[in-house]
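The following exercises concern a single predicted model. Each task is followed by a solution in steps.

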Amino acid sequence: MVNLNTDIAGLHFENPVIPASGTFGFGEDFAPLWDLNRVGGIAVKGTTLEPRYGNPLPRIAECEGGMLNCVGLQNPGIEKVLSEKLPALRSVYKGVILLNISGFSEQEYLSCCEMASQSPDVDAIELNVSCPNVHGGGMAFGTDAKALGLLVAKLRPVCTKPLFVKLSPNVTDIVAVAKAAEEGGADGLVLINTLLGMRININTRKPILSNTTGGLSGDCIFPIALRMVYQVSNACSVPVIGCGGVSSGEQAVEMMMAGARAVQVGSASLRDPWACPRIAQEIADVCIKLKINSISDIWQKTL
């Protein structure tokens with residue numbers, strides 16, 4: 001039997017599959033379909049200090065091998081998330097809950113971190129500094145290594161939970177940004193978030209998305225995500241969680257061979273609500289085929 005357990009920043013995951021933030025809500029739509037305890041962790045929907053409606057419609061555009069979105073961090077605000085959404089999730093889920101937080105200023109990030117740190121339902125904080133779908137949002141921090149390092153350093157004293165930083169691929173040097181987050185005090189890194197993309201309606205000659213551009217995700221970004229996970233895993237000492245285009249157990253194992261200790265599954269869940277438990281089972285099947293007894297044997301032997 002394959003040991004799928006993995007420990008990251010002092011947190012124990014029963015298996016390495018984590019639904020990615022923004023693709024799983026707060027688990028309420030998936031809980032009636034399958035036992036949420038079949039995944040090792042859940043990164044809940046991106047949360048801000050105040051409630052947000054997000055961007056106007058249309059907010060989704062399909063493309064070959066993936067999709068674009070400009071949802072714009074629609075969420076009910078951190079007070080409601082902590083008082084209602086996470087207790088409801090915890091009532092049906094015993095695994096690791098990662099609260100993805102975003103902000104439009106240093107103070108907003110600080111306030112969210114302080115509030116989240118006091119919640120018994122939050123196991124870790126995932127710092128979103130990489131969302132390309134909001135004007136004036138955290139991406140300003142995520143694309144500037146110095147600014148990111150300073151932000152993480154200021155959040156570290158008020159954040160009593162493990163702090164993971166989700167990195168943007170929309171940079172020229174992912175390693176420099178990753179190192180800045182690590183030096184600022186991050187306990188782990190999650191990469192990658194979406195790439196910036198665009199579609200045009202040739203009949204109207206106007207952008208399909210209301211925001212003109214949006215975040216590209218899906219199978220088409222997997223090779224880019226894999227390359228960045230490999231680079232960062234070999235350059236940084238903190239653990240890495242791989243994200244970007246994972247839709248099968250083989251791809252998950254490939255991501256761990258590049259150095260990731262766990263994987264987040266995003267767009268695949270939008271196409272197939274059972275993608276996450278399916279991928280968890282496929283990982284075990286692939287390990288049996290490759291004669292791997294424990295997934296720690298994968299990521300400990302990076303290329």
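## Exercise 1: Aromatic pairs

Task. Describe the geometry of the pair formed by phenylalanine 24 and phenylalanine 30, then that of tyrosine 109 and phenylalanine 141.

Solution. Step 1: the whole structure contains 4 aromatic pairs. Step 2: one of them joins phenylalanine 24 to phenylalanine 30, with 4.1 Å centre to centre and 20° between the planes, and is stacked. Step 3: phenylalanine 24 has a relative accessible area of 2% and is therefore buried; phenylalanine 30, at 9% relative accessibility, also counts as buried. Step 4: tyrosine 109 and phenylalanine 141 are edge-to-face, 5.7 Å centre to centre with 85° between the planes. Step 5: because tyrosine 109 belongs to helix H2 (residues 106-117) and phenylalanine 141 to helix H3 (residues 139-142), this pair ties together parts that are 32 residues apart in sequence. Both tyrosine 109 and phenylalanine 141 are buried. Step 6: ring pairs also link Phe24, Phe30 and Trp34 into a cluster.

## Exercise 2: Helix H5 and its ends

Task. State how many residues of helix H5 are buried, and identify the residue that caps its N-terminal end.

Solution. Step 2: the buried residues include Ile174, Val175, Val177 and Glu182. Step 3: the N-terminal end of H5 is capped by aspartate 173, a side-chain oxygen of which lies 3.2 Å from the backbone nitrogen of valine 175. Step 4: just after H5, glycine 185 adopts a positive phi of about 120°.

## Exercise 3: Backbone exceptions

Task. Locate the cis peptide bond at proline 58 and the cis peptide bond at isoleucine 192, then examine the positive phi of alanine 9 and of lysine 291.

Solution. Step 1: as a reference, most residues other than glycine have a negative phi, and most peptide bonds are trans. Step 2: the bond from leucine 57 to proline 58 is cis, with omega near -5°; proline 58 lies in the loop between strand S4 (41-43) and strand S5 (60-63). Step 3: the bond from leucine 191 to isoleucine 192 is cis, with omega near 15°, and isoleucine 192 lies in the loop between strand S10 (188-191) and strand S11 (195-198). Step 4: alanine 9 has a phi near 55° and is partly exposed, at 30% relative accessible area. Step 5: lysine 291 has a positive phi of about 60° and is exposed, with a relative accessible area of 73%.

Technical notes
Residues are numbered from 1 along each chain as its sequence is written. This is a predicted model: local features need pLDDT of at least 70, side-chain atom pairs count only at pLDDT 80 or more; totals for chains, interfaces and linings use all residues. Side-chain values use heavy atoms; hydrogens and water are left out. Rings of Phe, Tyr and Trp (its six-membered ring) pair if their centres lie within 6.5 Å; planes under 30 degrees apart count as stacked, over 60 as edge-to-face and the rest as tilted. Buried means under 20% relative accessible area, exposed over 50%, partly exposed in between (1.4 Å probe, protein chains only). Helices (H or I, at least four residues) and strands (E, at least two) are DSSP runs, numbered from the N terminus. A polar contact is a pair of N or O atoms within 3.5 Å; within protein, one must be able to donate a hydrogen and the other to accept it, and residues adjacent in sequence count only if both atoms are side-chain atoms.
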